[in-house]
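Me: Hello! I have a chain open in my viewer and would like to talk through its fold with you, one question at a time.

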Amino acid sequence: MADAVQLLNADDLAGISILADAPKGALKAAARQVEWFSLPGGRALFGPGDNADSIYFLRSGVLGVFTTDEDGALDFVGHIRAGEPVGEMAFLSGAPHTAAVFAMRDCELVQLPRPAFEKLIKRYPTLMRALAQMMVTRMRTSAREARSGGEPKVFALLATSPTISAVHIAEQLADALGKLGHSSVIVGPEAEDSASEWFDHLEQTHDVVLLHAPVADTHWFRLCLRQADRLWILGRADARPSEPLLPPDRSPARMFRLVDVLLLHNQGERVVSDGCDWKRAANAERVFHWHQGSKADIARMARTAAGRSIGLVLSGGGARSYAHIGAIRALNEAGVPIDFTGGTSMGAIIAAGLALGWDDDLMEKNICQAFVRSNPLNDYTLPVVALTKGRKVNQRLKQFFGDLQIENLSIPYFCVSSNLANGCASVHREGLLRDALRASIALPGILPPKVMNGDVHVDGAVVNNFPVDVMSHMHRGLIVGVDVARQKGLNVDDFINPPGFFGWVLRHGLQEAPPIASLLMRSGTITRRANDNSREEVDVLVLPDIAEVELRDWKAYDVAVEAGYRAMVTALKGGALERLR
């Protein structure tokens, strides 16, 4: 596990901030059993299920905390920086570790085995109180707030072409960060011989550190890979990426895919590659687009670096999702920028329009044309897999989203479908947008399912109708959530002594779906437990009052939009606006 193990003395222990006030005798007694060791970047300190028989303190470097998902894959949670304790919750509770901790760069740690810790607290009981207070604070705050001190701070801007000025981009980011009230420093090859303590000092004295280097097999480039919390690969949209894009190495940022592409668009130049090409070549997690002269793009990247980005999550809810349009309009009027967006079902469609760059007028025009003026869900058929053929929906998705790839949207985007093969949510962050949307809106029994990669996908609302958890892993800033599926949305009278099929047709005709459509839609959009858990991760939760709007009432556009607008305005006046600025 560790390299270069050595013993410490009392003065070494006193250098740890939480032990600074401990009596010299207590430190001297504990020091006999304490070890100081180095952990190379990429190496694990401990993993889930490991015994917590020691508590650690990080002296230098950065550690990363990871949980494991249902498939056993590592899911990055946040950073631990110099001076902080590591593994204290499992250690004090006597339970095994529940997360994995890896060295994100070369680290130095102090290890206190349980006997040494017990000797220390006997003579310095204040330490136990300090640790207990820290644990209570972490449990009382949200996961994102608890990690606020562990956000990415060091970004490596890596230019893939000699014609890209990484310094110029860093300077624009530094200026935008300053306007946000964040200090930053730009560091280039002149620092390649600096010691690790020098880099630690930069992190301690600045909010953001911007390293810059050309992609090349040089000592400084590899040092940037090892020192950065996150890699930003700078590529040109008028050039194709080489594959492999980066030389092979074992830097933690690449091992754990903490890599983004920043695709540069210059005016008047022909686009020959897109976000899909660059994301694949860089094995990146996210793609950002930077248009020459765009102050909005610069500001978005600065907010992302500062942990001040804003993500908007829109739930599914049939015709009730029109309320999202009003909520977006209120955000626009208040000058609240949206940096990331995503959603489920109809919420996914509206979020896609936002990510595509539709303004308020174009959003209204397109949604009205697609859903209000004529119902795309009335190509009914004798059901084999669904009540409708789905052809009208396919045509409209093609009409409004064409062959757009998710990676090429103006802002990072996702949508959610439910994979019936494994019973889990599938998060779509790449590929053909209209295919992902078709899967996300395929309410079981209403629309035919979407087959993708050999699996059957239906509406994301079945598993996760309010995917705040997805957004919290997509970015590190604030989250605004609009949920329109919490109220009943059904006409109770439709289910009291209902007529038979032919009786319904005689009374209502073939252009209106029978109540089974509403029943299936409501059943598919409840996911109550997941929604309730999501509330803990939302910074601004908006619940429009649309109890009287039925899920399939596609003509209730004005009522739903106004409800969404009023709900968002009320939230912003209630203090949310100050948080989002």
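Me: At what angle do helix H13 and helix H22 pack?

Reply: Happy to start there. This is a predicted model, in which local features need pLDDT of at least 70 and side-chain atom pairs count only at pLDDT 80 or more, while totals for chains, interfaces and linings use all residues. Residues are numbered from 1 along each chain as its sequence is written, and side-chain values use heavy atoms, with hydrogens and water left out. Helix H13 covers residues 322-333 and helix H22 residues 557-580, and their axes lie 6 Å apart at an angle of about 40 degrees.

Me: How are helices and axes defined here?

Reply: Helices (H or I, at least four residues) and strands (E, at least two) are DSSP runs, numbered from the N terminus. Axes are lines fitted to C-alpha atoms, for helices over the stretch in contact, and angles run from 0 to 180 degrees between N-to-C directions.

Me: Which class does the H13 and H22 pair fall into?

Reply: Angles under 35 degrees count as roughly parallel, over 145 as roughly antiparallel, 65 to 115 as roughly perpendicular, and the rest as oblique. At about 40 degrees, H13 is therefore oblique to H22.

Me: In what order do the strands of the six-stranded sheet run?

Reply: Two strands pair if DSSP finds at least two bridges between them. The six strands form an open sheet with parallel pairing, in the order S11-S12-S10-S13-S14-S15.

Me: Why is one side of strand S11 and of strand S15 left without a neighbour in that sheet?

Reply: S11 (184-187) and S15 (286-291) stand at the edges. One side of each has no neighbour in the sheet because each has a single partner strand.

Me: Which residue of S14 stands opposite Trp-232?

Reply: S13 pairs with strand S14 (residues 259-265) in the parallel sense, over six bridges. Within S14, the residue opposite Trp-232 is Asp-260.

Me: What angle does helix H12 make with S15?

Reply: H12 (residues 295-306) packs on this sheet and touches S10, S12, S13, S14 and S15. Its direction makes an angle with that of S15 of about 145 degrees.

Me: Which strands are at the edges of the four-stranded sheet?

Reply: That sheet is open and antiparallel, in the order S3-S8-S5-S6. Two of its strands pair on one side only: strand S3 (44-46) and strand S6 (74-81).

Me: What is the bridge partner of Val-65 in S8?

Reply: Strand S5 (residues 62-68) and strand S8 (residues 100-103) pair in the antiparallel sense over four bridges. The partner of Val-65 is Val-101.

Me: Is Ile-80 buried or exposed?

Reply: Ile-80 lies in strand S6. Leaving aside neighbours within four places in sequence, its contacts include Leu-58, Val-65 and Pro-85. Buried means under 20% relative accessible area, exposed over 50%, and partly exposed in between (1.4 Å probe, protein chains only). With a relative accessible area of 11%, Ile-80 is buried.

Me: Which two residues does a cis peptide bond join?

Reply: Most residues other than glycine have a negative phi, and most peptide bonds are trans. Pro-244 lies in the loop between strand S13 (230-236) and helix H10 (252-255). With omega at about 5 degrees, the cis bond joins Glu-243 and Pro-244.

Me: Is Asn-453, with its positive phi, buried or exposed?

Reply: Asn-453 has a phi of about 55 degrees although it is not a glycine. It sits in the loop between strand S20 (450-452) and strand S21 (455-459). Its relative accessible area is 79%, so Asn-453 is exposed.

Me: And Ser-345, is that residue buried or exposed?

Reply: Ser-345 also has a positive phi of about 55 degrees without being a glycine, and its place is in the loop between strand S17 (340-344) and helix H14 (346-356). At a relative accessible area of 5%, Ser-345 is buried.

Me: How many disulfides are there?

Reply: A disulfide is a pair of cysteine sulfur atoms within 2.5 Å. By this rule the count is zero.

Notes:
Contact = heavy atoms within 4.5 Å.
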